[in-house]
Amino acid sequence: MGLSAYLILAAVIFCIGLFGVMTRRNTVGILLGIELMLNAVNINLVAFSWYHGEVTGMVLTIFAICITVAEVALGLAIVILLFRTRRTAMADQVDWLKG
Amino acid sequence: MAFDVLPLVPVLAPLTAAVLLGLVSPLRHTGRPAAFVSILGALTALGSALLLWSRVHDAGVPTLIEWAWLVESQGTIATIGVLADAESTTMLLLVTLVALLVQVYSLSYLSDEPPAALGRYYVYQSLFAFSMIGLVIAPNLLQLFICWELVGLCSYLLIGFWFQKPSAARAAVKAFWTTKAGDVGLLIGIVLLWRHTGTFDFGELRMLVEAGAVGLDGLAVITFCLYLGAAGKSAQLPLHIWLPDAMEGPTPVSALIHAATMVTAGVYLLTRTAFLFALTPDVLLIVAWVGALTAIVAAMMACAQNDIKRVLAYSTVSQLGYMMTAIGAGYAAAGFFHLLTHGIFKALLFLGAGAVIHAVGTNDITHMGGLARKMPQTMVVFVIGTLSLAGLPLFAGFLSKEEVLGAVWAGGLTIPFVLLLIGAFLTAFYMMRVVFLTFFGTAQAGHSHGGHHAHDAPIAMSAPLWILAIASMVIGVYFTFNHPELPFEPPGWLAATATGVALSGMVLAWLTYQRGAIDPERLARMTGPLRLAAAKGFWFDDLFLVAYRLVQNYLAKVLGWTDRYIVDGVLNVVSAGTVSAGEQLRRVQTGKVQDYVLAVGAGVIAVVWMLGGLW
Amino acid sequence: MNDLPILSIVTWAPFVAALVIMAFGRSRPLLVRWTALAGAGVSTIGALWLYSAYDQTLSGFQFHETLPLVPALGISYQLAIDGMSLVLVVLTAIIIFAGVFASWTVKTRDQEFYALLLILVTGVFGVFVSLDLFVFFLFYEIAVLPMYLLIGIWGSSGEVRPQGLFGWAFGRTGVGTKEYAAMKLTLYLLLGSAFILVGILALYVAGGSTSFSLLALEQIDFDPQLQSWVFLAFYIGFGILAAIFPFHTWSPDGHASAPTAVSMLHAGVLMKLGAYGVIRLGMGLLPEGTHEWMWLVGAIACINIVYGALSAMSQTDLKYVIAYSSVSHMGVVMLGAATLTESGLNGSVFQMFAHGIMTGLFFCLVGLVYEKAHSREIFKMGGFATMMPGIAVAFTIGGLSSLGLPATAGFVAEFLTFLGAWSSAHSWWLFPAVIGAFLTSIYVLRVVRAIFWGPKSKDPHFQNLPDAQGTEWVAIVILVGVLILFGVAPRLALDLIDLTTVALLSRLGVL
């Protein structure tokens, strides 16, 4: 099967994640979508690393996982604060910065 | 260095009086003392005018003093100064004499005005005297125009002296606008003349004309434009409408401005520029015809008036027509001579009418009557003036009128001649009508409160009357026996015809109004529709009113509306449109994160596509 | 004495006064006014000194002052005057001096008012005396921007009911309020300055990006194509300020809503900035452009004259009559310049001076009438001459100058313009100009009769109104005096103006 299988897998997961980000109302769901996108990128990186036999991709993957963790923590914190102050976690109701 | 002061005195004396009275309010508010300052100025002007006249008369050479007024790179383009030659000094005598007499007369006529108002009146009088003198002694067309406009201003101020009366305020403005319309022509004419010949100066123009250096191409337009200005000031048809209404001003003002001086400015202009007009005979023909028509139409209108001042006003319009016709025939000197005599006896008539009005309290001749017994002096001078105007031999008016008629005949203008002759008949008729209704017959019951205490005027008013009457007689007698040199040969039958026509007019008036042999109503009805037309002023006033309303209420309003709602409207639309567009664009900012993500995604795809990534 | 930088003193004295007022003027109305008067006074004395010290035998600029600012870009602080600028500097000095007196009774926030007014005047002086185009533009902006605050805060609002095809826009923009007038005026004038900036930069670049100095740019022969569109840019840009049709609509609302001294300055002097710009930059730097577009300048000027006069005839608010009258008279200014003849250009600059004084007088008097009668409705007033004879006479004299009566400065200006118009390449321009003068006489006398020289109004508000008092007389007397002085002795200004005219027209190749 080779490399293309992994790349296609990663692309599919990325699109599912993107779709989720764009369409889910629940903010936690959006965060999950972002997670999916990030993990798809990780798959991509590992696949290239395995294909070329280099360690560079995996190093980048570790970096990405760290950043993902930080971002999730921050994101969930924002969602919780949002819920506490406005009693809603629905993304389409958070529009107070509109023009 | 001997500085020739004398030519400057006539013009500076009234100016000094005007400036003094105008700036020093306490002096002006004293009333009678202010009047004396003004009269002193006028007296000085008269005295110096006499000296100047005799000097020019003896020397035979004109005196010219001028200063550069507008200077450009090619030299002086306009000067201000004094030109004292035979014509101007003679006219100056008339102007200063009548100005002085009128100012003295006004002391008594306006004696019950509040002092501040009287002071204001004399400021205007002095200003007017200054302007008119400046016009008369102007060495060039530009100064003439400047003083011309100032004279118009003063007439506006004086006609509107009793500005609290709506009719007076309106009459003043009407006078200004009508003469300004003519002045537009004069201004255009002067500008065109400057381009055509390169100068405003009378002397230089005369030299150019004599040297044949003035191109005839387009000169007719220039002279016609100059004539337009004269037509406005000298109340030729159809620009005569302001003169009858101008009677709203005090009677001495009418005597000064609308008999002897301002209205004669137009005739004077044409006399001064006669050498130019001689080059454009077509324009002269127009001048003559308009003059003749003015003469007869105004005479007809005078027959239908009951206000003594309006009769005299229309009479002035008519006589101005005579002067213009003479000029149009090519003999400006005849017109000028008539100007001088007319100035004297018309001023006399107006002042006499003023005495009557002052005594009786009304202008309406149908409410007067039998005043000859109560005001014998006034009657005598008024009759002298009337006979002069009608043109009986031995009176001043006879000679000048005969000269005018002779000039028109010699110029070959038959129909105008006939019109003038008919006009002479009507003149005699309506003037005697006034005399009979005012002084003779039985006293009419009417609104005239003063009918019981009508008496001859006090010395301040009667002295000027007598001076003018005597002057009229003296001129008449003198020139009858020292017949002036005429450039044409009047036909032998002219004198007799003119006298006959005048006498028949007087007889008709006598029969109708004194003897009652002819019913005035039947007489009027015989003239048919002319009577109505005459009473309505031949609808000229209405025509101008319509034109004014059209411009004011339609053209101006439409343009004003367009400016606010269309021109500015476009601007406001741009502005409002911008604001609206902004409000629409705001909606892109929904505030929702997912919309932004969508936008970012689309943008990324677009960028990649543009860079040729997508297939 | 000759080493004193007189031009800088004249230009910056008002600014210094403004600083002093802002620093020390809080709750000290008398200090504010006296400082303002001192600033204006210094400028006036300086201007008069310049007038007497100016050498009329030399052509070209005098009283040079140079200070390099950014040598790398060719920007320097260069001041000088020639005949035309001198006359306009004197005009500005007279108007601001009278204007300070006319604002004596400002009630709210007088400190800021006077400060802004004086800063504005600095800008105006600066425009007239700058030789460096960058500094010229800088001063131009200084002259425009304070208007927004001056009108928006101290102005007066009216009411305009929306009508017509574009009526929907009127409600949206708030037509009639002073804020609207302030915004419209400022934005419109800034739009104009955008055009001007483009033109200036174009010339700078085309000249090799070496210098902004007028004298240096005069020497360069620009490409005729460039000249053509740059002249157009200058004409539109400066023309907006000079109220050419159809870019004039900021003027009626702006002048009507503005407070007295601001109207005096704006209609009296700022509008002349526009014409000055066209002449100095347009005609002075771009000969081919001038010849190409002068027919347009003249034609639009003719429209201005007649259209402005007719619009003035239809107004019922006194300030609007005067504002439209200004639009009409600026037409005469532009027409005189468009004739490209000596008389015409002389007439144009003379009209700038005469009209400046005249309109300053008008707005001053209108301000007084408004203060006393609290109304600007012409046809509700009547017979005011019996109650306020001084104001009546002054107004009449101003009106007579407006219609071009001889013995007032207005006549000389208009007459010279007429002579120039007939001698120009488009002689027909004479007729709209003369007709405009005739129409002016109609509406001016109508207004004068309705307000002053007519029967007394029955309205209880208009009884027993006082005449001008105390300091109010100063402005009136000065302005009337100048108007008559220059009408009787026009050479006082004409000789100076002629120097510039001859130089300019020689460079254009028509003299």
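Trainee: Between which two helices of chain B is the loop where Pro238(B) is found?

Mentor: Good place to start, and do keep in mind that this is a predicted model. Pro238(B) is joined to Leu237(B) by a cis peptide bond. Its loop in chain B runs between α9 (219–233) and α10 (242–245).

Trainee: Is Arg87(A) buried or exposed?

Mentor: Arg87(A) is in the segment after α3 (56–86) of chain A, and its phi is positive, near 55 degrees, though the residue is not a glycine. The cut-off for this class is over 50% relative accessible area. Because its relative accessibility is 63%, Arg87(A) counts as exposed.

Trainee: What is the relative accessibility of Phe63(C)?

Mentor: Phe63(C) is part of strand β1 (residues 62–70) of chain C. Here again a residue other than glycine has a positive phi, about 60 degrees. Phe63(C) counts as partly exposed because its relative accessibility is 23%.

Trainee: How far apart are the end C-alpha atoms of helix α18 of chain B?

Mentor: Helix α18 (residues 376–390) of chain B has 15 residues, and at 1.5 Å a residue it should span 21 Å. The distance in the model agrees with that expectation, as the end C-alpha atoms are apart by 21 Å.

Trainee: How many of the 15 residues of α18(B) are buried?

Mentor: The buried residues include Met379(B), Phe382(B), Ile384(B) and Leu387(B). α18(B) is largely enclosed by the rest of the structure, because the number of its 15 residues that are buried is eleven.

Trainee: Which residue of chain C forms a salt bridge with Asp568(B)?

Mentor: Asp568(B) is in helix α25 (residues 540–586) of chain B and is buried, with a relative accessible area of 2%. Leaving aside residues up to four places away in sequence, it touches Asp563(B), Tyr180(C), Lys184(C), Thr249(C) and Asp253(C). The closest N and O atoms of the salt bridge are 2.7 Å apart, and the partner of Asp568(B) is Lys184(C).

Trainee: Which element gives the largest share of the side of chain B that touches chain C?

Mentor: Between chain B and chain C, 19 residue pairs are in polar contact. At least two residues of this side of chain B come from each of β1 (63–72), α5 (115–136), α6 (141–159), α7 (166–197) and α25. The largest share is 26 residues, and it comes from α25(B).

Trainee: About how much area do chain B and chain A bury between them?

Mentor: At this interface, nine residues of chain B are in contact with 13 residues of chain A. The rule finds zero salt bridges across it, along with two residue pairs in polar contact. Carbon and sulfur atoms carry 59% of the buried area, which comes to about 850 Å².

Definitions and conventions:
Residues numbered from 1 in each chain as written. Chains lettered and ligands numbered in written order. Predicted model: local features only at pLDDT ≥ 70, side-chain atom pairs only at ≥ 80, totals over all residues. Heavy atoms only, no water. Contact = heavy atoms within 4.5 Å. Buried area = accessible area lost by both parts, 1.4 Å probe. Salt bridge = Lys/Arg side-chain N within 4 Å of Asp/Glu carboxyl O. Polar contact = N/O pair within 3.5 Å; in protein donor to acceptor, adjacent residues only side chain to side chain. Helix = DSSP H or I, 4+ residues; strand = E, 2+ residues; numbered from the N terminus. Buried < 20%, exposed > 50% of the residue type's maximum accessible area, 1.4 Å probe, protein only. Expected span 1.5 Å × (residues − 1).
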